[in-house]
Amino acid sequence: MKIDQLSIKDFRNIPSLEYTPCENVNIIYGQNAQGKTNLIEAIWLLTGAKSFRRVKNDREFVRFSAPKSIVEAKFSNELRQQTVTLEIDDRRTAFLNDIKTDSVSALAPEFPAVVFSPSHMSLIRSGPSERRRFIDSCLCRISPKFIKTLNDYTRALSQRNALLKDVRHSSYLLDTLDIWDQSIAQMSSLIIKMRTKLTERLNDKACRIYEGISMGNEKLSLSYISSLGVDYNADAPLSQMCSDFYNSLKYRLSDDIKYGVTTLGAHRDDIGIQLDSSDARSFASQGQSRSIVLALKLAESELLQEAFGTSPVILLDDVMSELDSKRREYLLNHIGENQVFVTCCEKAYFENLKNGSIKEMNGGNLL
Ligand code: ATP
Ligand code: MG
């Protein structure tokens with residue numbers, strides 16, 4: 001998929017912008033606070049997802065003192081050209097080919113993209129919840145079954161946790177706990193199975209991409225770490241996982257009652273990230289950490305391409321700092337078929353760009 005034409009009106013510090021990007025690498029450079037991230041964010045919102053920044057409400061996107069923002073893109077794949085429009089005031093309203101969609105999230109399969117922003121470094125630096133969030137958001141984008149299972153699981157978990165607190169005072173409620181144990185064991189097993197399968201697919205792709213970025217000098221590997229302490233592979237029988245879970249929930253019951261929370265399950269799992277058999281969380285350098293997150297994002301893009309049959313747009317905000325010249329060169333010239341938008345402060349980083357366009361962002365205008 002390629003964006004042929006982008007129009008932005010009153011989005012953050014961008015007053016009015018018309019942009020015809022090229023079909024491969026588009027560099028947007030400029031000094032701090034000129035609107036580079038704002039441009040990446042505007043394109044990202046066309047996927048129907050939430051911003052990658054912390055945003056309290058949609059009004060924050062609207063340029064100060066303007067009534068609303070409009071972001072519109074004409075985009076095409078091998079089959080046809082379409083138009084996606086996002087109007088933002090107190091809320092976001094989406095249109096596909098001038099027809100209002102039921103919700104903004106309906107844009108997701110039509111306008112696939114992946115985004116890297118420095119905030120995504122939390123995938124390495126923060127705790128397991130960020131890595132679960134990454135895996136879950138990949139799965140939610142390609143599997144409606146996963147969205148439903150995850151929602152049902154979250155609800156069942158909060159019911160069980162509420163009951164665990166009540167059981168302390170009303171022991172007769174203990175019998176009712178069993179019904180939640182059964183459904184949590186079942187749903188946890190299914191979630192773990194789907195996540196493990198996805199982790200295996202991501203691992204193949206991210207490992208190959210990282211090998212390229214590091215010129216074959218380092219090896220990345222990903223693994224699913226279950227809170228159950230058992231390494232299941234994607235082919236493990238669901239019935240076996242389910243009974244292991246159920247038994248472990250029973251075994252942990254006294255702890256769970258003591259703490260008033262479920263201490264075991266899909267909500268406690270993690271994704272292990274190893275670099276040359278060391279834990280990347282503890283040992284990866286800044287540039288290595290950045291390269292890992294980048295490899296994960298590019299692997300996600302390949303997954304989306306397989307799911308939707310079209311190459312996602314790749315948005316890389318401020319990715320170049322901390323990467324050495326060889327890694328930067330590899331990145332710019334080996335992203336393949338995708339249309340890419342890269343922002344950076346330093347124009348000099350792009351001297352070796354073989355195929356692409358370079359524009360300067362200045363005060364919300366592209367020069
Ligand atoms: P850096 O190189 O530091 O990352 P940047 O070019 O990516 O800079 P942006 O994050 O895009 O800069 O922000 C540019 C400016 O947009 C900021 O100074 C910010 O105050 C301004 N801005 C953010 N929201 C709004 C808004 N709703 N209306 C007007 N200006 C806004
Ligand atoms: Mg920025």
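Which residue has a polar side-chain atom 2.9 Å from an oxygen atom of ligand 1? In this predicted model, that residue is asparagine 32. The briefing below covers the ligand site and then the protein chain as a whole.

**Polar contacts to ligand 1**
- Asparagine 32 uses a polar side-chain atom, which lies 2.9 Å from a ligand oxygen.
- Glycine 35 places a backbone N or O atom 3.0 Å from an oxygen atom of ligand 1.
- For arginine 12, a backbone N or O atom lies 3.3 Å from a nitrogen atom of the ligand.
- On its own, ligand 1 has 660 Å² of accessible area, and the protein covers 74% of that.

**Shell around ligand 1**
- The ligand has 16 residues around it, and those that come nearest are Ala33, Lys36, Thr37, Arg53 and Val62.
- By type, the shell holds seven polar, five charged and four nonpolar residues.

**Fold and dimensions of the protein chain**
- The chain contains ten helices and 15 strands.
- Its radius of gyration is 23 Å, close to the 21 Å that the globule rule gives for 367 residues, so the chain is as compact as a globular protein of that length.
- Along the principal axes, the C-alpha atoms fill a box of roughly 70 × 50 × 40 Å.

**Burial, contacts and surface**
- Of the 367 residues in the protein chain, 53% count as buried.
- Taking contacts between residues at least 6 apart in sequence, 70% join residues at least 24 apart.
- The protein chain exposes about 17,200 Å², of which carbon and sulfur atoms supply 48%.

How values were computed
Residues numbered from 1 in each chain as written. Chains lettered and ligands numbered in written order. Predicted model: local features only at pLDDT ≥ 70, side-chain atom pairs only at ≥ 80, totals over all residues. Heavy atoms only, no water. Near = heavy atom within 4 Å. Polar contact = N/O pair within 3.5 Å; in protein donor to acceptor, adjacent residues only side chain to side chain. Areas by Shrake-Rupley, 256 points an atom, 1.4 Å probe, with all protein chains shown as cover. Nonpolar A, V, L, I, M, F, W, Y, C, P; charged D, E, K, R; others polar. Helix = DSSP H or I, 4+ residues; strand = E, 2+ residues; numbered from the N terminus. Rg over C-alpha atoms; globule rule 2.2 N^0.38 Å. Buried < 20%, exposed > 50% of the residue type's maximum accessible area, 1.4 Å probe, protein only. Contact = heavy atoms within 4.5 Å.
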